[in-house]
Amino acid sequence: MFAAHIPPLAGSLFSLLAIVSLLLAFVMLGSRWLNAYLGAFALQSWLIAVLSAAVAYYGGYPELYGIAALTALFRGLVLPYLLLRITRRLNVDRELHERLSPSASLVVGALLVVFAFVVANHLSTVLGLGGTVAVLALTAMLSMKLIGFLMLVVRREVVSQILALLVIENGIFLGSQILVPGMPLLIELVILFDLLVVVACFGVLVRYLIVHAGTTSSRELRRLVG
Amino acid sequence: MSPGSLVLVILLAPLTAVAGCQLVRSPRFAEYLNLAASVLVFAAVLWLLPVALGGPYILLRGYIIVDALGAWVLLSCSAVYLLASLYAIGYMRARNEPQRLRRFYALLAGFALTILLGPLMNNIGVYWIAIEFTTLISTFLVGFEKTREGVEAAWKYIVIVSAGISLALLGIVFYYWNASLHLGPSFNLTWATLRFVAPQLNPTMALTAFLLVFIGFGTKVGLAPMHTWLPDAHSEGPAPVSAMLSGALLNTAMVGIVRFIHVTDAVRLGGLPRTVVVVIGALSLAVAALFITRQTDIKRLMAYSSVEHMGVMTLGFGFGGPLGLAGALYHMLNHSLNKSLMFFGSGTAMHAFHSKRIGRIHHVLIAMPVAGALWLAGAVAITGAPPFALFVSELTILRAGLAGPNAWAVYVMLVLLVVIFVGFLNHFRAMYFGESAQAAAATIRWRPTPSERIWCLLPMWLALVPILVMGLWWPSAFTHYFNVIAAQLDRG
């Protein structure tokens with residue numbers, strides 16, 4: 001396992017990047033403004049690109065440099081740009097009717113991180129990797145997953161929901177860079193491409209929603225029940 | 001023909017249809033091209049069935065697997081694709097929107113392509129991506145009507161399924177991580193590799209990963225409590241799309257669950273994973289029973305019936321053993337055919353009565369004598385009444401369950417099946433009989449042209465006859481096939 005035998009400096013760097021990415025998820029959770037979400041997401045993607053490059057350097061996986069470049073390009077530039085285009089088309093720039101206020105969701109998010117840590121710690125210990133950077137990577141991965149789900153539940157605007165899904169994806173990507181850096185290149189490439197297609201599809205659907213449903217808030221989408 | 005060239009035909013035919021629908025501007029051409037592609041796919045799959053017995057064949061540097069399980073699932077998927085393509089011609093012509101037909105058939109063929117890809121994928125990561133792509137294409141088919149409800153359904157579908165399936169990706173990363181501790185940092189995570197490394201996996205980790213992939217792909221299969229997208233998506237798409245979603249798409253996602261169950265059998269975990277599968281299956285049946293009895297919309301009724309049958313199949317796979325596996329696989333084919341018939345019937349009824357509300361549909365047999373009779377026979381079949389095939393497969397699953405450690409689920413299943421039988425057929429009683437027959441005759445809005453009639457009726461016959469035949473006669477070739485599937489799954 002790569003994470004068990006890395007120099008302390010690399011370990012600290014990985015930890016720092018994982019923690020800051022997690023903090024950025026909290027920035028999204030604690031804000032009402034769609035632009036703040038978007039900025040935090042773009043920055044998070046850049047940090048993950050830096051993480052990929054760092055893993056490539058310290059772990060000796062040269063192909064990860066390519067992944068780092070593509071992550072920065074697609075997740076850091078293209079996806080935020082596509083999302084920016086979607087938000088410009090809407091005439092909302094903030095969450096109006098969230099189910100849980102940002103401050104309350106911060107508290108819930110903190111509890112979720114604690115839960116994620118307990119699970120991550122247990123899983124790493126049974127694999128004999130307790131106390132390594134794997135615990136932190138797994139915590140960040142699971143926390144971002146749970147925070148993404150929390151955002152899906154409490155936010156109503158379509159852009160917030162797309163971003164919540166992207167935070168989930170970012171979490172998995174971040175964790176897998178540290179835990180399984182040897183994952184075949186093809187899979188990572190296709191997942192990146194897949195993400196692009198997902199956001200493009202969401203873009204088209206948002207246009208449909210505006211034209212045919214006249215709303216971009218899931219609060220209004222409640223015709224189909226039972 | 002070699003398995004490689006057959007796979008090529010199966011994948012190239014719908015791809016050609018997609019390209020052809022984009023290039024040629026004639027809607028007639030698009031519908032016949034799509035039909036030709038579906039016929040070709042079905043023929044190739046029939047050919048592939050005996051070939052796959054000698055497998056598993058690994059092609060394209062380990063990315064494609066041709067095994068008996070995959071071929072069997074392809075059979076049910078390609079049969080539905082063929083039936084849906086036939087029905088779509090009549091159904092879509094009656095909607096009178098020729099300018100949108102090309103787009104519809106391009107999407108339909110593309111959707112079929114992604115569905116057919118799933119069971120052939122050997123690399124688990126690529127399988128996940130194939131499942132994700134089915135969502136992306138079918139979203140636009142669900143929202144094809146461009147009504148407010150259709151767009152709402154499409155949105156809920158893509159958000160819920162993407163979120164659910166991301167759990168499966170997490171589970172796959174966990175499997176990869178755990179396996180990398182034994183196999184070295186870089187390897188291709190195929191079904192065979194995972195099966196090979198399974199005895200060395202850490203039980204806690206393997207259980208966590210299994211639960212994640214089961215919940216993740218279970219969302220796509222439509223198991224309760226992750227089924228919430230299913231009734232919306234199935235009720236809002238055009239009828240042929242609903243049939244494809246229910247009869248083909250759900251099976252493609254079910255393959256992954258079956259393969260993961262058999263991988264997890266090799267981990268020393270005892271009966272816990274299978275018990276989880278059985279509990280979720282029983283829960284799906286329970287949720288479906290509650291919603292079926294109180295349903296007011298015919299297509300949502302069929303959708304909840306899909307949740308029910310996915311629950312039945314999950315129970316069969318969860319019970320396991322040769323009998324459970326055989327029953328569940330038989331049920332998969334039967335359900336695909338029968339549910340297509342049911343959605344075709346509801347599509348025709350929607351055209352005839354201009355409504356999906358059960359309360360607005362009266363005296364179906366007067367409005368549509370032949371289609372109505374076929375639909376009624378299908379309704380009797382789908383509730384698991386003899387002499388139809390679903391009775392046989394459900395009975396087989398019940399017998400498999402009694403022999404296993406989760407026998408309690410058999411009694412739950414029996415009670416719920418009875419509830420569903422009564423609830424489901426009660427709606428049909430209301431739609432077929434009722435107050436005055438003259439008033440009903442006045443409400444009929446749709447007089448199909450003879451060609452529309454044939455295109456709509458032919459697939460209904462083609463679906464009903466096999467269900468009846470397979471209910472009376474379980475071919476011994478099928479038994480042999482299911483045994484080979486079991487052997488291939490356990491060998492890995």
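I started with a helix pair in chain B: helix α8 (residues 203–221) and helix α10 (residues 239–265) pack at an angle of about 165°, with their axes 8 Å apart. I took axes as lines fitted to C-alpha atoms, for helices over the stretch in contact, with angles from 0 to 180 degrees between N-to-C directions. α8(B) and α10(B) are therefore roughly antiparallel to each other. The cut-offs I used are under 35 degrees for roughly parallel, over 145 for roughly antiparallel, 65 to 115 for roughly perpendicular, and oblique for the rest.

Before going on, I noted the basis: this is a predicted model, where local features need pLDDT of at least 70, side-chain atom pairs count only at pLDDT 80 or more, and totals for chains, interfaces and linings use all residues. Residues are numbered from 1 along each chain as its sequence is written, and chains are lettered from A and ligands numbered from 1 in the order in which they are written.

**The α8/α10 pair, continued**

I then listed the contact residues. From α8(B) they are A206(B), F210(B), V213(B), F214(B), F217(B), G218(B), K220(B) and V221(B). From α10(B) they are L250(B), A253(B), M254(B), G256(B), I257(B), F260(B) and T264(B). Contact here means that the C-beta atoms of two residues, placed from the backbone, lie within 7 Å. By class, the residues of this contact are 11 nonpolar, three polar and one charged. The classes are: Ala, Val, Leu, Ile, Met, Phe, Trp, Tyr, Cys and Pro nonpolar; Asp, Glu, Lys and Arg charged; the others, Gly among them, polar.

**Chain B as a whole**

I counted 20 helices and two strands in chain B. Helices (H or I, at least four residues) and strands (E, at least two) are DSSP runs, numbered from the N terminus. The C-alpha trace of chain B spans about 75 × 55 × 45 Å along its principal axes. A compact globule of 492 residues would have a radius of gyration near 23 Å, and chain B, with 21 Å, agrees. That radius is taken over C-alpha atoms, and the globule rule is 2.2 Å times the number of residues to the power 0.38. Of the 492 residues in chain B, 64% are buried. Buried means 20 or more other C-beta atoms within 10 Å of the residue's own, exposed means 12 or fewer, and partly exposed is in between, with C-beta atoms placed from the backbone. Of the contacts in chain B with a separation of 6 or more, 81% are between residues 24 or more positions apart.

**One residue: L301(B)**

I looked up L301(B), which lies in helix α12 (residues 298–319) of chain B. L301(B) is buried, with 24 other C-beta atoms within 10 Å. Leaving aside neighbours within four places in sequence, L301(B) is in contact with I292(B), Q295(B) and H427(B). The C-alpha atoms of L301(B) and F424(B) are 7.8 Å apart, although 123 residues separate the two along the chain.

Most residues other than glycine have a negative phi, and most peptide bonds are trans. I noted the exceptions below.

- The peptide bond from A224(B) to P225(B) is cis, with omega near 0°. P225(B) sits in the loop between α8 and α9 (229–236) of chain B.
- P386(B) and P387(B) are joined by a cis peptide bond with omega about 5°. P387(B) is in the loop between α15 (369–382) and α16 (389–403) of chain B.
- K146(B), not a glycine, has a positive phi of about 55°. K146(B) lies in the loop between α5 (124–142) and α6 (148–183) of chain B, and is partly exposed with 13 C-beta neighbours inside 10 Å.
- H363(B), also not a glycine, has a positive phi of about 45°. H363(B) is in the loop between α13 (321–353) and α14 (364–367) of chain B, and is buried, with 22 other C-beta atoms within 10 Å.

I counted seven helices and zero strands in chain A. The C-alpha trace of chain A spans about 55 × 35 × 30 Å along its principal axes, and 49% of its 226 residues count as buried.

The contact between the chains takes 37 residues from chain A and 38 residues from chain B. On the chain A side, the elements giving two or more residues are α4 (102–126), α5 (133–154), α6 (158–179) and α7 (185–213). α7(A) gives the most, with 12 residues. By class, this side of chain A has 27 nonpolar, six polar and four charged residues.
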